[in-house]
Amino acid sequence: MRKSLHQKEFHPPESFFYAANAPITVNNSILNFMTSVLATEDNTTVTISGYKPVVQFSNGTTGVTNPTITFTLNKGQSYIIDGIGNIAGNSDGFIGAKIVSDKPVNVTNGNFNGQYAGNFPTSSDILMDQSVPVERLGNEFALVKGNGSIGSNMEGALVIATENNTEVRVNDETLPIATLNIGQYFMIPDSKYKLQGNGHYNLYIRTSKNAYIYQVLAGASTAGNEVATGGFNFIPALNCYLPKQINELGFIDENFVYSNGNPTGILNIPTKLNLITERGAVVTVNGGVPPATTGPFNMTGTNNWVTYGIPNTTGTITVVSSKAIMAGINAGSDAVGYGGFFAGFPTQPVILKSGGDCVPGIILTVDPIIYDTYQWYNNGNIIPGATNPSITPTQSGYYTCSVTMGSCAPLVTEQYKVLNCTKLSSIAYDVCTTKTITPAFTSSAQTPLPSTVSILTAPTLGTATVNASTGVITYTVTNPGTAGTDTFTYTFCGNDPNLPDCETVTVTINIQTITVNNVTLNACDNGSGQGIFNLTTANVTSNSPVTITYYPSLPAAQNETPGTNITTSSNYTATNGTIVYAVVKNSLGCKNIAQITLHLYPYATVFSNYTGSFCDDNLDGIINVVLSNITPIVLSNPGYFPGVRYYGNINDANAGNNNTLPNNWSYTATTTIYIRVDSPDGCAPVVKPLVFTIGAKIPLIKTSYSVSVCDDNLDGTKTIDLSTYISQFTTDPLVTVTFHPTLSDAQNNTAVSSNPIDITGTQTIYVRFEKSGFCPNIASIIINIKIPKHSDILVNKVICPKTKTMLDAGPGFDSYLWNTGATTPSINNVGPGDYWVDLTFGGCTYRQNVTVTESVLPVISLIEISGSTVTIGVSGGTPPYEYSLDGNNWQSSNVFVNVPRGNHTVHVRDSNRCNEVTKDFVIINLINTITPNQDGYNDVIDYSSLMNNDNIVFRIFDRYGAEVFRGTPTNKFIWDGMITGRHVNTATYWYFISWTEFGGKTTVKYSSWLLVKNY
């Protein structure tokens, strides 16, 4: 097996193909024919027809059941048609099938595994190449033989007709070797190759009509292997407009393959480079001229083309020719071979534009490298001197360029339509409300076509509309009367149907308007709420000259309704806030309306027949008045009128002289004064009389009240609720009162006292009475605090348990009343409890409390024994305590010294001397020495006998205060002179032991020293 490589210059696919494959010459299921269709756009519909009825496809359908195949592909999708080679109808039944697509596609066809040389069931190869659409075909072809030998049937050509009566001729033969109709094929045998010298064979083919030519060739020349190295290359038609160079054929001798002869693989394959070019061309391969032994070789049948055969070509190849050229390679080693064909298609000159899209600015260019000569035309007329690849048109028209290359006949480009650029112009108009614009060219002789008129950029301050039948543009201001500059652009084209001129106009609209100001006119209020205005003094516009007409309403002004205008414009009577409208017009017809607001200066409205009644607040007979405080009472808008003055008589008030009253003015009887209010706006002053009278006081039942009050708690102070005495003065619930320490404070309403109030001795309180609509009044309350008498001898008592006592309040009181019901100065047989007695003296009664309590016996809480010294701890009872060891001899100290060993009883009594409390104790024989030497004598200190007592504590310390032993129930309060398993040092130690006697509360504590001897 071998791989076959077939490449050519890519061209965009078209829509009409005829399928090709090498005829299968051996019945073998591993062989096939195959065609692949690849879509380049979505929704591509492909229809295949024209194959023979005997064809059987791999999907089971046949040419009988499916005479046509139709499918739809999206971009990038492909459809593969194939048939197996062991079916007789598949040998050549699909050759010439017609492929039609509604959108561009790529078609690759051939045999994915094929054999065309004869009955060789064990030899085959891939025979595939890309096809081209029918319109890319030609009728003159040149082939250079591959590495197959003549007679092996490995070399030749497949011809497929695209039109009926296509005659096929080879070399210089005059008679056709075959005549074909559409879709028919013919295999040109290897015997038609001509030996041109030095082992170089070539074949010249001509067809009377355009046809497909596929070269079949061998990659290897070894007998027995060449039939396994077949190739299948599409061959483009000869044309002197083919490309002049083939660039970058990369590493053409490298193709790593395995074969029977090369089981470990081989990379570099012997490769022959075949060239086809025009006679007389200067050819270089990688910059060097090929050896003369490799060409050029003549072709039988044509004098225009020659061929080269360059063996053992390696690496990356670039072929350059001064004329059209094509290239092919064939290579093989053992049973592996490959080939390829590299060519372009005839170049069709195309005009490309740059620089711009229209005149002026556009530049037209035809490829400046490929062609030898150039001639430009406009509308079919030669342009003198325009013989360069590029031209810069100066006028519109249809441009073409005629080119030549070598001996080829001239080619003419397609027409390129060039238009004049749209002309840009501008114009300005002054507009009040509307403007009609008729489009017209500024330089072209063409007539504007109404249907081409359109607005490109709309105005922002108005609207621009186009009359479709006339092309006339109407601009309308959106807000007439508002000045501004608006712009819009419109375009139109001429009446030349093929090469119309166009123009775009930028229109500037200067919106003319009357500038008006809304103003306010002022006038004095004549006291009736009206004033007289001169409307002509309102400065409503700075435009001049203008005419101004005044109207009472906006609709009348807008419509300029006849008969509604104001005729008395210089003497117009109106109320405050009236609005009139001024219509301002100029000679251009522009109009605007200004609003005039008629404003009356505030009128000084003074309260008529004002009588002010004021109180003598401090009750001194003089009424003090701050006249500036009267102003907001009598004047409706005092903040607006700073010029307010008060006078004692009407003449001074009318004159407005300096004989004014002081701001702090007073009177003692009913008085009339005059207020004068001057306008800050220059309007007439207002003068009015004001009457001031003295207001009536609140009536009181009395003006003074005296009362005596007892001091219940003997502290000399009594808290008194003064409000309880108000009913002595008035029963009016609407009267409010305040209390003051002095008459002056009450008159001036200062130093208000809180209520209730604490009273000592005899004190006078002043009450200020107030009520809405009345003047205040004042009264006094005289309060005398009486202090009751108490007993100095009646005090709390403490008695011994189960005894009685007597309580005595003593003489000197008017009466007695005990809580027991007794009325005597004293009571007897009194037990523990709380008692009181009401003692009356001088009209006041004082309740005195007294408590009788039983004495509580003391408790012996601690007996601490240190050697022969005993310290007693006591709590409870009534200190101080006395202590005794025999019940006869008492001492105040709780420490007894030099107490002998043995049993003892301690006696304790408190200051009440009621009963004694006793506690027995014993001074034990304390251990002071141990010798823990394990001899059975004095080895331990043992207080285990005390374990039955409560709260026992036994601790031993060294002389530094560090604890060396602590007694616990576990060690039974026995110490053996050891710590952590070792003997302590011989030394003196200190210890204490304490406990609570079982069932008791007294703590007994002993402390002593201990000598430990280790020897």
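Val-350 is placed in the loop between β26 (336-342) and β27 (352-354), where helices (H or I, at least four residues) and strands (E, at least two) are DSSP runs numbered from the N terminus. This is a predicted model, in which local features need pLDDT of at least 70, side-chain atom pairs count only at pLDDT 80 or more, and totals for chains, interfaces and linings use all residues. Residues are numbered from 1 along each chain as its sequence is written, and side-chain values use heavy atoms, with hydrogens and water left out.

With a relative accessibility of 48%, Val-350 counts as partly exposed. On this scale, buried means under 20% relative accessible area, exposed means over 50%, and partly exposed lies in between (1.4 Å probe, protein chains only). Apart from its neighbours within four places in sequence, Val-350 is in contact with Thr-365, Val-366 and Thr-413; contact means heavy atoms within 4.5 Å. Val-350 and Glu-414 are separated by 64 residues in sequence, while their C-alpha atoms are 7.0 Å apart in space.

The view may now widen to the whole chain. The protein chain contains 4 helices and 80 strands. Its radius of gyration is 70 Å, well over the 31 Å given by the globule rule for 1015 residues, so the chain is more spread out than a compact globule. The radius is taken over C-alpha atoms, and the rule is 2.2 Å times the number of residues to the power 0.38. The C-alpha trace spans about 180 × 145 × 60 Å along its principal axes.

Of the 1015 residues in the protein chain, 44% are buried. Among contacts with a separation of 6 or more, 66% are between residues 24 or more positions apart. The chain exposes about 48,600 Å², of which carbon and sulfur atoms supply 51%; accessible areas come from the Shrake-Rupley method with a 1.4 Å probe, and for residues only the protein chains shown count as cover.

One of the helices, α2 (residues 627-634), has Leu-627, Ile-630, Thr-631 and Val-634 buried. Seen down the helix axis, the buried residues of α2 fall within an arc of 115°, so they line one face of the helix; the arc is that of the directions from the helix axis to the C-beta atoms. These buried residues pack against β48 (610-614), β49 (623-626), β50 (643-647), β51 (664-667), β52 (671-678) and β53 (686-694).

The peptide bond from Asn-755 to Pro-756 is cis, with omega near 5°, and Pro-756 lies in the loop between α4 (743-748) and β57 (757-760). Pro-879 and Pro-880 are also joined by a cis peptide bond, with omega about 0°; Pro-880 belongs to the loop between β67 (869-876) and β68 (882-884).

Two asparagines have positive phi values. Asn-171, a residue other than glycine, has phi near 50° and lies in the loop between β11 (166-170) and β12 (178-180). At 1% relative accessibility, Asn-171 counts as buried. Asn-938 likewise has a positive phi, of about 50°, and is found in the loop between β72 (929-930) and β73 (941-942). At 53% relative accessibility, however, Asn-938 counts as exposed.
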